[in-house]
Amino acid sequence: MKTFMTICIFAMCSAGIYGFVDMANDVKKGSMIQYDRGENESVIVADGAASFAKKHTHRIETIKDTPVVELEIKSDNNFVSKKQAKVKVQKIITPTVIEEPVVSTELKSDVKVDSMPVVVVEDHIDYREFSRGAPRKVKTKKSKKD
Amino acid sequence: MNSRILSAKNASTFGVVVLFWIPIAFLSLLLVFNTIPYFSFNPHLPFLEERTVLYNKLVWRISFYVHIAAGSFCILTALLQFSSWILKKRKKIHIIAGKIYVFVVLLIGAPSGFYMTFFAEGGVGERICFMLMAIFWFYSTLCGFKAAAYEKNFLSHKYWMMRSYSMALTAVTFRIYHIIFFRMGLAHFDNYSISLWISVFGNALVCEAIIFSQSKQYLKTLNS
């Protein structure tokens, strides 16, 4: 019993020392792992939204009376927060110049355009993935219409 | 005592046990079930894909697989340990499961987890939290084992093992908090950090509160 306990304490101490040395080596070499802190996720969504808006620019042009077109962007279940899941795309249309879509991560809008693609954001959690906790990665999904 | 008061007390105890143990058992089993795909040794699983740099390290890779295997054993065996029926009627099951738990935690789970804490997700604070958790998990299990095997102090054994289980259960509670805070709209990194601290210190506090409420000899166990 005493031997067992000594071995266990030795194992724990060696794990600590080895871990510290390994980490120090990684830091020294600059190869220490950098985790995604989740700051880029809204950007990924925004990029996806912008590319959809770009693809369908010719359809936006048809709605000349509407100065600002807001789309509710929806995608699949891998958002970190509800706030990030709601992405607003604004398209400012002038009679001659079509500007780049402005993407912001704020509120959703009620204004929808039939011809526009709708990306569905569901903050649904797959509980079969319980070991991963809440979903982390962001994916954009094309609508059925598209 | 009045039989009505007695039956009301029994009913409330039963309710607490059912409300506490059924979700815990279900989520523990779900967690164990979710670890099964990792044993296909497929490096393209989401958790491992985020850690490709670490996965390429042989020691980290071995620690990871050993840790999840050990964790599964810990969670499964620990579920049996708090059953008063097993303790009274099938003491051998308690002893065998306890030996497996102690062996797995002290020799495999805690050391491999401790090594992995140096590379854990999050900042320095989160890594320190993981380290404290690993050390306290190891220490409480060691004290619980010592109390039963050497000192034959089963009250102290019970309380130390409750502390040990509270640390093992952070694997489950962390995910519960993580999902709750996700639902509340917290950003990923804040969510991760808050869930971690709350699960570790929350579990420890709840455990101490249960121990305190159960025993007048609480302070004695701390000195043993």
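## Exercises on a predicted two-chain model

B:Phe119 touches residues of both chains: A:Gly19, A:Asp22, A:Met23, A:Asp26, A:Met32, A:Ile33 and A:Tyr35, along with B:Leu54, B:Lys57, B:Trp60 and B:Arg127, leaving out residues up to four places away in sequence. The model is predicted.

**Exercise 1. Is B:Ser112 buried or exposed, and what does its side chain reach?**

Step 1. Locate the residue. B:Ser112 sits in helix H6 of chain B, residues 91–117.
Step 2. Apply the cut-off. Buried means under 20% relative accessible area. B:Ser112 has 7% relative accessibility, so it counts as buried.
Step 3. Follow the side chain. It comes to 2.7 Å from the backbone oxygen of B:Ile108.
Step 4. List the contacts beyond four places in sequence. B:Ser112 meets B:Ser63, B:Val66 and B:His67.

**Exercise 2. Classify B:Arg61 by accessibility and describe its surroundings.**

Step 1. Locate the residue. B:Arg61 belongs to helix H4 of chain B, residues 58–81.
Step 2. Classify it. Its relative accessibility is 25%, so B:Arg61 counts as partly exposed.
Step 3. List the contacts, setting aside neighbours within four places. They are B:Leu54, B:Tyr55 and B:Asn56.
Step 4. Compare sequence and space. B:Arg61 and B:Gly113 are 52 residues apart in sequence, and their C-alpha atoms are 12 Å apart.

**Exercise 3. Which residues make the nonpolar surface patch of about 460 Å²?**

Step 1. Name the members. They are B:Val124, B:Ile128, B:Leu132, B:Trp197 and B:Phe201.
Step 2. Assign them to elements. Helices H7 (124–149) and H10 (188–214) of chain B each give two or more residues. H7(B) supplies the largest share, 3 residues.
Step 3. Check one member. B:Ile128 lies in helix H7 of chain B. With 40% relative accessibility, B:Ile128 counts as partly exposed.

**Exercise 4. Summarise chain A: how many helices and strands does it have?**

Step 1. Count the elements. Chain A has 4 helices and 3 strands.
Step 2. Read their order. The pattern along the sequence is α-α-α-β-α-β-β.
Step 3. Of 146 residues in chain A, 42% count as buried.
Step 4. Chain A exposes about 8,800 Å², with 56% supplied by carbon and sulfur atoms.

How values were computed. Residues numbered from 1 in each chain as written. Chains lettered and ligands numbered in written order. Predicted model: local features only at pLDDT ≥ 70, side-chain atom pairs only at ≥ 80, totals over all residues. Heavy atoms only, no water. Patch = residues over 30% accessible without salt bridge, like charges linked within 9 Å, V, L, I, M, F, W, Y side chains within 5 Å. Areas by Shrake-Rupley, 256 points an atom, 1.4 Å probe, with all protein chains shown as cover. Salt bridge = Lys/Arg side-chain N within 4 Å of Asp/Glu carboxyl O. Buried < 20%, exposed > 50% of the residue type's maximum accessible area, 1.4 Å probe, protein only. Contact = heavy atoms within 4.5 Å. Polar contact = N/O pair within 3.5 Å; in protein donor to acceptor, adjacent residues only side chain to side chain.
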